[in-house]
Amino acid sequence: MITLKKNHDRRIRRGHLWVFSNEIANPPISQLEAGSLHELTDVSGEFLGMVYANPNSLIAARIVSRKKETIDTDFFRKRISAALEFRKPIASLRDAYRVVFAESDFLPGLIVDRYGPFLSVQSLTAGIDALLDQIVEALIHVLAPEGIFLRNDSPMRLLEGLSQEKRLAYGDVPETTIIHSGTLRFVVDIQNGQKTGYFLDQEANRTLVSQNTFPGAKVLDLFSYTGAWGLHAAANGAETVTAVDNSRPALDIALKTAELNGMSAKFQAVREPVIDFLKKTSETWDMIVLDPPAFIKGKSHLKEGLKGYIDVNRRSLNKLNAGGILVTCSCSHHLDQQSFEDALLAASRQSGKELRILNVAGQGPDHPFLLTMPETRYLKVIVARAV
């Protein structure tokens, strides 16, 4: 049993799922076993939830259930089935989507992405690591995949004191597979690609590029990864697409995907750091997509990260033709929507371009967020036209 200090139960009662180490009265943090399951109570002994613990993490416990129940294979079958039921409208339209989104599906630390008949799974916490056998068994029962691959190589595991690994958990999973995105087919590297192989959180936003691409447009896709944004623009009339990323494997897949869709003639891949590319090039474009990695890894990096967002947006706007479209994104959950808009405003002023906002979006419906946990809301997307 884990008991909270006096008055440290309020946030938990409001729906938050994390317990921080300085909120625990008993037992001493050092006595908790990583991944162990406990009942959580307030100072008076009232039950608050079932948690798994980790003394090596600032987040010392995470709630997996608000009821007293056994956390076993049957528990995970029910939770995963509920997550899948929630995504029925998505599953009917797409063969690739997020099945389980950690805290947002009340399974903290667990990510499950579906790529056709294959599952890519991430365990981000010691609690999930300890229960992986039951989780894999539940996934087989509920989803009947041909194979399950564990992508336990996220840097987030280091914060939990866990090692990084990649391995097959069930069946057979090829290194790459092909998924559908609108009318396009995409090559996905399940075993070695970034995250779980593809950025599914932006999938619902690809239409923003499609809707704003005009015939003959020159498009620049920055931090392109495997080129999803740019290839959607190419499919909707763009004359040329330049994809810039610093990862050769990602760009190789982008080129394979362009070829797969008959777009090699209009798709160019450039391996170079984005800022270096923007400093050197004298070209300008009609549409620029800017989807960088998180510049703000923690609150202590907020000021530095904001400067980074302003700088890269300013440099991009300097390369945008009059009347052009900027699609700009942030996946830093420490940066709220207003601060992101303020950074874009600063960049527009510095570039001398006024922006008219056309769309504001966030993570797709297979990546829901909880109002009680702002940490689950991270993705911000703004579509603007340079006036």
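This is a predicted model: local features need pLDDT of at least 70, side-chain atom pairs count only at pLDDT 80 or more; totals for chains, interfaces and linings use all residues.
The buried residues of α11 are G305, Y309, V312, N313, S316 and L317. Because they cover an arc of only 135° around the axis, they sit on the same side of α11. The face turned away from that buried side carries K303, E304 and K307, which are exposed. Cover for the buried residues of α11 comes from several elements, including the strands β14 (218-222), β17 (285-290), β18 (320-330) and β19 (355-362), together with α10 (274-280) and α12 (337-351).

A similar reading can be given for helix α9. Its 13 residues, 248-260, reach 18 Å from the first C-alpha to the last, close to the 18 Å expected at 1.5 Å a residue. Here the buried residues are A250, L251, I253, A254, T257 and A258. They are placed on the same side of α9 because their arc around the axis is only 155°. P249, K256 and E259 are exposed on the face of α9 turned away from the buried side. Among the elements that cover the buried residues of α9 are helix α8 and the strands β13 (184-189), β15 (240-245) and β16 (267-271).

Attention now turns to the nonpolar cores. The largest of them holds 41 residues, and within it Y115, Y198 and V327 touch the most other members. Helix α8 (residues 228-235) supplies the largest share of this core, with 5 residues. Another core, of 28 residues, lies apart from it and has I80, V100, L132 and I135 among its members. Beyond its neighbours within four places in sequence, Y198 is in contact with Y115, I179, S181, F186, V188, E203, R206, Y225, T226 and A228.

For the protein overall, the model contains 12 helices and 20 strands. The radius of gyration is 22 Å, close to the 21 Å that the globule rule gives for 387 residues, so the protein is as compact as a globular protein of that length. Along the principal axes, the C-alpha trace spans about 65 × 45 × 35 Å. Of the 387 residues, 55% count as buried. Among contacts between residues at least 6 apart in sequence, 62% join residues at least 24 apart. The accessible surface comes to about 16800 Å², and 51% of this surface belongs to carbon and sulfur atoms.

How values were computed: Residues are numbered from 1 along each chain as its sequence is written. Side-chain values use heavy atoms; hydrogens and water are left out. Buried means under 20% relative accessible area, exposed over 50%, partly exposed in between (1.4 Å probe, protein chains only). Helices (H or I, at least four residues) and strands (E, at least two) are DSSP runs, numbered from the N terminus. The arc is that of the directions from the helix axis to the C-beta atoms. Contact means heavy atoms within 4.5 Å. A nonpolar core is a set of buried Ala, Val, Leu, Ile, Met, Phe, Trp, Tyr and Cys residues joined through side-chain atoms within 4.5 Å. The radius of gyration is taken over C-alpha atoms; the globule rule is 2.2 Å times the number of residues to the power 0.38. Accessible areas come from the Shrake-Rupley method with a 1.4 Å probe; for residues, only the protein chains shown count as cover. The expected span of a helix is 1.5 Å times one less than its number of residues.
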